[in-house]
Amino acid sequence: RGGVKAEAIFKQYASLFEKLPEEMRKEQVKKVNGIFQFDIKGGKDGKIHSFFIDLKNGGGAIGGGKSKDRPDITIIVKDDDFEGLASGKLS
């Protein structure tokens, strides 16, 4: 996907989320009831790479690309800044 650091981070998020029991995933969906779109600027190709966290539908989902449903929140951030936020180095 053009070498964005965010791709590895979202793969890790998705892996951890999928390991949660279905009941816990559905509980998070019920609590949050939102879809988050992340448009990450940067990478080797300099393009925008999109990822989503869907905590509104079914048992939830995390993945690359645009959400199939309209996001409630879209966050646009540079790849390095997203990495800093995800690691706790930036607030």
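Q: How many salt bridges does the structure hold?
A: Eight salt bridges in total. Keep in mind that this is a predicted model.

Q: OK, which residue does Glu-7 form a salt bridge with?
A: That would be Lys-11, with the closest N and O atoms 3.9 Å apart. Both residues sit in helix 1, which covers residues 5–19, and they are four residues apart, about one turn of the helix.

Q: And is Lys-11 buried or exposed?
A: Lys-11 counts as exposed, because its relative accessibility is 55% and the cut-off for exposed is over 50%.

Q: What about Lys-31, which side chain does that one meet?
A: Lys-31 meets Glu-27 in a salt bridge, at 3.8 Å from N to O. They're four residues apart in helix 2 (residues 22–32), so about one helical turn separates them. Lys-31 is exposed at 59% relative accessible area, while Glu-27 is partly exposed at 40%.

Q: Which side chain does Asp-69 pair with?
A: Asp-69 makes a salt bridge with Lys-68, 3.5 Å from N to O. Asp-69 is partly exposed, with a relative accessible area of 29%, and Lys-68 is exposed at 76%.

Q: Switching topic: where is Asp-39, and is it buried or exposed?
A: Asp-39 is in strand 1, residues 34–41. With a relative accessible area of 9%, Asp-39 is buried, because the cut-off for that is under 20%.

Q: So what is Asp-39 in contact with, leaving aside neighbours within four places in sequence?
A: The list is Ile-48, His-49, Ser-50, Lys-66, Thr-74, Ile-75, Ile-76 and Val-77.

Q: Back to helices. At what angle do helix 1 and helix 3 pack?
A: About 35°, with their axes 8 Å apart; helix 3 is residues 79–87. The crossing is left-handed.

Q: Which residues make that contact?
A: From helix 1 you have Lys-5, Ala-6, Ile-9, Phe-10 and Tyr-13, and from helix 3 Asp-79, Asp-80, Phe-82, Glu-83 and Ala-86. They divide into six nonpolar and four charged, with no polar ones.

Q: How do strand 2 and strand 3 run?
A: They run antiparallel, joined by four bridges, with strand 2 at residues 48–55 and strand 3 at residues 61–64. Asp-54 stands opposite Ala-61, and Phe-52 has Gly-63 as its bridge partner.

Q: Last one: which residue takes a positive phi in that hairpin?
A: Gly-58 does, near 55°; the hairpin has five residues between the strands.

Notes
Residues are numbered from 1 along each chain as its sequence is written. This is a predicted model: local features need pLDDT of at least 70, side-chain atom pairs count only at pLDDT 80 or more; totals for chains, interfaces and linings use all residues. Side-chain values use heavy atoms; hydrogens and water are left out. A salt bridge is a side-chain nitrogen of Lys or Arg within 4 Å of a carboxyl oxygen of Asp or Glu. Helices (H or I, at least four residues) and strands (E, at least two) are DSSP runs, numbered from the N terminus. Buried means under 20% relative accessible area, exposed over 50%, partly exposed in between (1.4 Å probe, protein chains only). Contact means heavy atoms within 4.5 Å. Axes are lines fitted to C-alpha atoms, for helices over the stretch in contact, and angles run from 0 to 180 degrees between N-to-C directions. A crossing is left-handed if the near helix is turned anticlockwise from the far one by less than a right angle, and right-handed if clockwise. Ala, Val, Leu, Ile, Met, Phe, Trp, Tyr, Cys and Pro count as nonpolar, Asp, Glu, Lys and Arg as charged, and the others, Gly among them, as polar. Two strands pair if DSSP finds at least two bridges between them.
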